[in-house]
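The exercises below go through one protein step by step. Keep the sequence and the structure in view while working.

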Amino acid sequence: MDLLEKHKGLAERHALMQALGVETIGVTMEKILSPTRALINGRETILAGTNNYMGITFDPSCIEAGRRALAEQGTGTTGSRIANGTYALHRELENELSRFLNRDHVITFSTGYQANLGMLAGLAGPQDTIFLDADSHASIYDGCTLSGARLIRFRHNSAADLEKRLARHDGEGGRLVVLEGIYSMFGDRPPLDEFVDVKRRHDFALLVDEAHSTGVLGEHGRGLADEAGLEDEVDFIIGTFSKSFGAIGGFGASNHPDFEFIRYATRAYMFTASPSPASIATTLQAVRVLDARPELRDSLRRNSARLHTGLRDIGLELCCDEVSPVIAVRVRDEPSTVIMWDALLKAGVYVNLALPPGTPNNTCLLRCSVSAAHSEQDIDTIISLFAKVVAGAAGDAAASA
Ligand SMILES: Cc1ncc(COP(=O)(O)O)c(C=O)c1O
């Protein structure tokens with residue numbers, strides 16, 4: 001039997017897109033020009049789908065730190081920290097993050113995805129139960145599977161539904177509730193105060209994946225718990241270096257006195273190579289930049305509000321009323337979404353095409369992510385290109401009616 005037979009559905013979908021004249025697989029950025037610009041199909045394109053929230057991928061101090069580490073410490077660590085040892089830079093990054101996040105302990109991972117695998121499987125085991133928001137990121141689901149814990153899903157952002165399920169739960173073992181700071185597809189955030197209220201009535205540990213909210217939310221840029229003034233109520237946080245920090249890697253952080261033992265108990269940390277010197281040094285400098293430049297958060301907020309208002313004012317349906325740097329436009333069906341996405345790209349703006357099954361409630365989305373590095377002019381151009389594409393789609397629909 002052909003092992004790839006099971007992916008026939010994907011091949012058929014790709015063929016359908018090609019029949020529509022759209023190539024969605026493997027959009028190549030021929031040259032990255034800046035945090036907000038790339039050459040795509042030979043054309044200078046505004047990037048509005050990068051998660052480069054702080055826009056620091058070209059920060060000279062980060063580039064210099066990475067360059068120096070590369071020259072002085074080589075291209076890679078060639079193994080895991082358990083087997084090959086820890087570089088002083090790994091420790092320096094963990095200490096700097098511990099200070100930035102105001103948490104006693106930080107463990108870094110090679111990607112954000114692995115941080116979720118490692119943390120969830122390190123915290124929960126087959127005797128425990130994980131209560132999971134139904135719209136959680138794939139890496140959280142995969143971490144839960146790896147842990148072997150019993151999995152109970154509750155309705156998205158519903159503390160009441162969580163409480164109902166906690167009350168019904170009769171299992172033994174530990175209980176872990178997992179939320180995200182900003183949900184990656186719709187850009188919405190959970191009502192953390194309501195979840196914390198539930199925590200006061202029921203016994204569980206609370207973990208927040210702040211992948212999209214570190215750097216973005218809160219007075220100190222530490223994420224949703226910082227914004228809500230509830231950091232003491234959150235037992236564990238997870239984050240990634242691939243978004244606000246403009247690098248690659250991930251972390252888990254906590255004040256739990258035994259947290260360090262996760263390093264010796266979790267496969268996603270033990271059995272994979274540690275991040276390269278250039279990657280660690282870049283991230284370390286990025287932490288310092290985020291700390292020293294709170295004005296980046298202000299620019300991001302201004303740009304996010306401008307795009308949110310602008311897209312709503314031209315009549316688009318947004319998936320979230322709250323302003324966040326993730327702004328998702330709901331489109332009625334898959335062919336229309338693909339055609340609009342392609343038209344936007346040809347007009348000079350790159351956004352994320354997000355289709356079921358990777359989206360909540362099987363929604364078809366054009367997902368934008370805003371950067372502090374966008375100018376007001378960039379945001380206005382993105383809005384006017386959306387308006388042009390929507391007008392074109394309406395014209396096509398009228399012509400074929
Ligand atoms: C909520 C969430 N957690 C974890 C990850 C994984 O992070 P990374 O892409 O850095 O591996 C992502 C990626 O988008 C995410 O959205």
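**Exercise 1.** Against which helices and strands do the buried residues of H8 pack?

*Solution.* This is a predicted model, in which local features need pLDDT of at least 70 and side-chain atom pairs count only at pLDDT 80 or more, while totals for chains, interfaces and linings use all residues. Residues are numbered from 1 along each chain as its sequence is written.

Step 1. Helices (H or I, at least four residues) and strands (E, at least two) are DSSP runs, numbered from the N terminus. A residue is buried if 20 or more other C-beta atoms lie within 10 Å of its own, exposed if 12 or fewer, and partly exposed in between; C-beta atoms are placed from the backbone.

Step 2. Helix H8 covers residues 192-201, and its buried residues are Leu192, Phe195 and Lys199. They lie on the same side of H8, because their arc around the axis is only 65° (taken from the directions from the helix axis to the C-beta atoms). Asp193, Arg200 and Arg201, on the other side of H8, are exposed.

Step 3. The packing partners of the buried residues are helix H7 (159-168), strand S7 (175-180), strand S8 (205-209) and helix H9 (224-228).

**Exercise 2.** Is Gly112 buried or exposed? Describe its surroundings.

*Solution.* Step 1. Gly112 belongs to helix H5, residues 112-123.

Step 1. Gly112 has 22 C-beta neighbours inside 10 Å and therefore counts as buried.

Step 2. Setting aside neighbours within four places in sequence, the contacts of Gly112 are Ser139, Ala211, Thr240, Ser242 and Gly250. Two residues are in contact if their C-beta atoms, placed from the backbone, lie within 7 Å.

Step 3. Around the ligand there are 14 residues, of which Gly112, Ser184, Ala211, Thr240 and Ser242 come nearest; a residue is near if its C-beta atom, placed from the backbone, lies within 6 Å of the molecule. H5 gives the largest share of this shell, three residues.

**Exercise 3.** What are the overall dimensions and make-up of the protein?

*Solution.* Step 1. The protein has 14 helices and 14 strands.

Step 1. Its C-alpha trace spans about 65 × 55 × 55 Å along the principal axes.

Step 2. Of the 401 residues, 47% are buried.
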